Amino acid sequence: NYGKVIRGAMDIDINRAISLAQTYSLDYYTNDAQKVIDDPNIDLVYIASNHESHAEYAIEALKAGKSVHIEKPHVVREDQLVRLCQQMTQSAGSVGLGFNRPNSKIGKMIKEKLAEQPGAMMMNWFVAGHEIDPDHWYFHEKEGGRILGNLCHWTDFIYQMVPEENRYPIEINPTRAERSDCDIAVTYVFGDGSIAIITFSAKGHTFEGVRESFAAHRGNALMAMSDFKTLTVEIIDKKIKCSPFYRDHGHSGAIEFSYEASKKQREGCSVKYVWETGELFLKTKEALEKNQKLTLRGFEDCEISKTCAANP
C-alpha cells in the first residue's frame with residue numbers, strides 16, 4: 001500500500017530472515033535485533049516474535065526513538081506493562097498494537113451500530129480455537145499461555161465496544177474446570193452494567209482455523225456476526241446485512257494504523273489504552289488461574305498514572 005518501505009528483517013532463525021528478505025527484496029537480513037533497532041534509516045519496528053519478547057524489543061526500540069507495532073499480546077507480565085508505558089512517555093516514537101478485529105469492516109460496523117443506541121449492552125463471544133500440543137511454546141511458563149496468546153483478542157474487543165466513560169470498574173468472573181486457559185468462560189460486568197461473556201473452547205482441530213461468533217444487544221439494536229464473514233443488525237423493523245467479499249479480520253487496518261502513526265499522519269495508541277487493555281487480559285489470566293472474581297480500576301485510579309503521564 002505504501003511502496004517499498006520495508007528495509008530489513010531480523011529473526012533468531014537466520015533462514016527465516018533470509019526468506020523474508022528475498023520475498024520482499026529487502027536491503028538486508030540479520031539475526032541480531034540490535035542492528036534493526038540501531039539502524040538510523042528505520043522509523044518503525046514491527047514486532048512479531050515470541051510473546052515474552054514483545055515488550056522487551058518494543059522498549060528498546062522506543063528508547064532508540066523508533067515507533068513500534070507490537071503484535072498481541074504486547075506484554076506477558078505487569079512489570080513489562082509498567083516499563084512499556086513509562087517508556088512511551090519518554091519516547092518520540094508512536095505505538096500500535098496488533099488487536100486487529102476492531103479495525104475490520106465488520107468490527108467497525110459493530111462499534112458504530114452499538115454506539116448509536118442508549119443504555120447498557122449485552123455481548124457474547126463464542127470462540128473455537130486450535131488444539132495445541134501440550135509441549136507447544138505457547139505453554140512455556142514465560143510465554144503467558146493461551147489467555148495472553150489468544151483470548152486477549154476478544155478481551156480487547158469488548159473493552160473497545162464499551163464507551164470510555166462507562167467502563168470502570170470492571171468485574172471479572174471466571175468459570176473453569178480442570179484447566180485455566182482452555183474450555184473456559186469469563187463474564188465481565190462493566191461500570192454501566194454492560195455484560196460481556198467470552199467462551200473459549202479448544203477441543204479439537206477446526207478445518208478453517210479459529211471459528212468465532214458474536215452476538216450483542218443494546219437499545220433497539222440486535223446483532224449477530226459469524227467468523228467475520230457475515231454480520232446482521234436488526235433495529236426494530238430494519239435489517240442491515242454486511243458480507244464482505246473476503247473474510248477480513250482487520251490485519252491490514254491494524255498495520256496501516258501503526259505505519260501512519262509512525263509518519264505522524266495520525267495519533268498512535270495512548271498510554272491509557274495500552275495500560276488498560278493490557279491490564280484487562282493480565283487480570284483475566286489471574287482470575288482464571290486463581291478461579292476467583294477480580295475487580296479492575298481504570299488507568300487514572302491506578303498507581304501507574306502517578307508516575308506515567310498519559311498521552312493526549
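This is a predicted model: local features need pLDDT of at least 70, side-chain atom pairs count only at pLDDT 80 or more; totals for chains, interfaces and linings use all residues.
Is Leu20 buried, partly exposed or exposed, and what is its relative accessible area? Leu20 is partly exposed, its relative accessible area being 41%, and this residue is found in helix 1, which covers residues 14–23.

**Nonpolar surface patch**

- Leu20 belongs to a nonpolar patch on the surface that also takes in Tyr2, Val5, Ile6 and Tyr24, and the accessible area of these residues together is about 450 Å².

**Packing of helix 3 and helix 4**

- Helix 3, made of residues 51–63, packs with helix 4, made of residues 78–88, at an angle of about 20°, and the axes of the two helices are 10 Å apart.
- That angle makes helix 3 roughly parallel to helix 4, since angles under 35 degrees are counted in that way.
- As for handedness, the crossing of helix 3 and helix 4 is left-handed.

**Salt bridges**

- Side chains of opposite charge can pair when their charged atoms come close, and with a cut-off of 4 Å between a side-chain nitrogen of Lys or Arg and a carboxyl oxygen of Asp or Glu, the model has 26 salt bridges.
- One of these pairs is Arg101 with Glu212, whose closest N and O atoms are 2.9 Å apart; because Arg101 lies in the loop between strand 5 (95–97) and helix 5 (105–115) while Glu212 lies in strand 10 (residues 211–218), the pair ties together parts that are 111 residues apart in sequence.
- Arg101 counts as buried with a relative accessibility of 7%, and Glu212 likewise counts as buried, with a relative accessibility of 2%.
- Another salt bridge is formed by Glu164 and Lys272, where the closest N and O atoms are 3.7 Å apart; Glu164 lies in the loop between helix 6 (145–161) and strand 7 (170–175) and Lys272 in helix 8 (residues 271–290), so this contact ties together parts that are 108 residues apart in sequence.
- Lys272 counts as buried, given its relative accessibility of 13%.
- Arg211 and Asp227 also meet through their side chains in a salt bridge, at 2.8 Å from N to O; Arg211 lies in strand 10 and Asp227 in the loop between strand 11 (221–226) and strand 12 (230–235), so the parts that this pair ties together are 16 residues apart in sequence.
- Within this pair, Arg211 is partly exposed, with a relative accessible area of 33%, whereas Asp227 is buried, with a relative accessible area of 3%.
- Salt bridges also link Glu52, Glu56, Arg77, Asp79 and Arg83 in a network.

**Cis peptide bonds**

- Lys72 and Pro73 are joined by a cis peptide bond with an omega of about -10°, and Pro73 has its place in the loop between strand 4 (67–70) and helix 4.
- Tyr168 and Pro169 are likewise joined by a cis peptide bond, here with an omega of about 0°, and the place of Pro169 is in the loop between helix 6 and strand 7.

**Position of Asp32**

- Asp32 has its place in the loop between strand 2 (28–30) and helix 2 (33–38), and this residue is partly exposed, with a relative accessible area of 40%.
- Asp32 and Lys72 are 40 residues apart along the chain, and their C-alpha atoms are separated by 22 Å.

Note on methods
Residues are numbered from 1 along each chain as its sequence is written. Side-chain values use heavy atoms; hydrogens and water are left out. Patches are made of residues with over 30% relative accessible area and no salt bridge: like charges are joined within 9 Å, nonpolar side chains (Val, Leu, Ile, Met, Phe, Trp, Tyr) within 5 Å. Accessible areas come from the Shrake-Rupley method with a 1.4 Å probe; for residues, only the protein chains shown count as cover. Helices (H or I, at least four residues) and strands (E, at least two) are DSSP runs, numbered from the N terminus. Buried means under 20% relative accessible area, exposed over 50%, partly exposed in between (1.4 Å probe, protein chains only). Axes are lines fitted to C-alpha atoms, for helices over the stretch in contact, and angles run from 0 to 180 degrees between N-to-C directions. Angles under 35 degrees count as roughly parallel, over 145 as roughly antiparallel, 65 to 115 as roughly perpendicular and the rest as oblique. A crossing is left-handed if the near helix is turned anticlockwise from the far one by less than a right angle, and right-handed if clockwise.
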